[in-house]
Amino acid sequence: MNDVHTNPLSLFGTPWFISAFVGWSLAQMIKMVTGFAKTKRVDFRYLLSTGGMPSAHSALVCALLTSFGLTEGFHAPITMLATAFAAITMFDAASVRRAAGNQATVMNQMIQELFKEHRLNQTRLKELLGHTRKEVFAGMFLGIGIAIVIVNYMMK
């Protein structure tokens, strides 16, 4: 049997993995550069943060979906699975996690008000959990673009 098919490390050289990884990485780097432009400080926490522009989750799943479609065909079962995975991920980012972030904002305001009146241990909740639709669409287009470039480059 061909070594490529039995070696699990060969996954890292596929257009699917590379597209998804580069899509996610580029989205996170864009967040870091944007953060630097605002604060004039390099903050590496952006590389692993959630929320913000563009959505790295959307970039990853759309790069994966597009790379499967371009290499295996948009009719292939794996592409259909990737489509469902992308839809669920982007819906979650724009609705469920966004709502959780809004709730965290309200709870942090309540804690701030209590803290001003009483001596309490102040623990803030993470507010930037989800994405706006604009951030999700930006990540989607980033992922699609990255996959098109990588698949075309690797398939030459």
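Which residues in helix 3 meet helix 5, and which residues in helix 5 do they meet? The model is predicted.

1. **Helix 3 against helix 5: the residues.** From helix 3 come Ser58, Ala59, Cys62, Ala63, Thr66, Ser67, Leu70 and Thr71. Helix 5 supplies Val136, Gly139, Met140, Leu142, Gly143, Ile144, Ala147, Ile148 and Val151. By class, this contact has 11 nonpolar and six polar residues, and no charged ones.

2. **Helix 3 against helix 5: the geometry.** Helix 5 covers residues 133-154. Its axis and that of helix 3 come within 7 Å and cross at roughly 35°. The crossing is right-handed.

3. **Length of helix 3.** Helix 3 runs over residues 56-72, which is 17 residues. At 1.5 Å a residue it should span 24 Å. The C-alpha atoms at its ends are 24 Å apart, so expectation and model agree.

4. **Burial of helix 3.** Of its 17 residues, 12 are buried, so helix 3 is largely enclosed by the rest of the structure. The buried set is Ala56, Ser58, Ala59, Val61, Cys62, Ala63, Leu64, Leu65, Thr66, Ser67, Phe68 and Gly69.

5. **After helix 3.** Gly73 follows the helix. Its phi is positive, near 100°.

6. **Helix 2 against helix 3: the geometry.** Helix 2 spans residues 15-39. It packs on helix 3 at an angle of about 155°, and the axes are 8 Å apart. An angle over 145 degrees counts as roughly antiparallel, so helix 2 is roughly antiparallel to helix 3. Helix 2 passes helix 3 in a right-handed crossing.

7. **Helix 2 against helix 3: the residues.** On the helix 2 side, the contact is made by Pro15, Trp16, Ser19, Ala20, Gly23, Trp24, Ala27, Gln28 and Lys31. On the helix 3 side, Ala56, Ala59, Leu60, Ala63, Leu64, Ser67, Phe68, Thr71 and Glu72 take part. These residues divide into 11 nonpolar, five polar and two charged.

8. **The loop between helix 2 and helix 3.** Arg45 sits in this loop. Its relative accessibility is 62%; the cut-off for exposed is over 50%, so Arg45 counts as exposed. Arg45 and Gln28 are 17 residues apart in sequence, with their C-alpha atoms 9.6 Å apart in space.

How values were computed: Residues are numbered from 1 along each chain as its sequence is written. This is a predicted model: local features need pLDDT of at least 70, side-chain atom pairs count only at pLDDT 80 or more; totals for chains, interfaces and linings use all residues. Side-chain values use heavy atoms; hydrogens and water are left out. Helices (H or I, at least four residues) and strands (E, at least two) are DSSP runs, numbered from the N terminus. The expected span of a helix is 1.5 Å times one less than its number of residues. Buried means under 20% relative accessible area, exposed over 50%, partly exposed in between (1.4 Å probe, protein chains only). Axes are lines fitted to C-alpha atoms, for helices over the stretch in contact, and angles run from 0 to 180 degrees between N-to-C directions. Angles under 35 degrees count as roughly parallel, over 145 as roughly antiparallel, 65 to 115 as roughly perpendicular and the rest as oblique. A crossing is left-handed if the near helix is turned anticlockwise from the far one by less than a right angle, and right-handed if clockwise. Contact means heavy atoms within 4.5 Å. Ala, Val, Leu, Ile, Met, Phe, Trp, Tyr, Cys and Pro count as nonpolar, Asp, Glu, Lys and Arg as charged, and the others, Gly among them, as polar.
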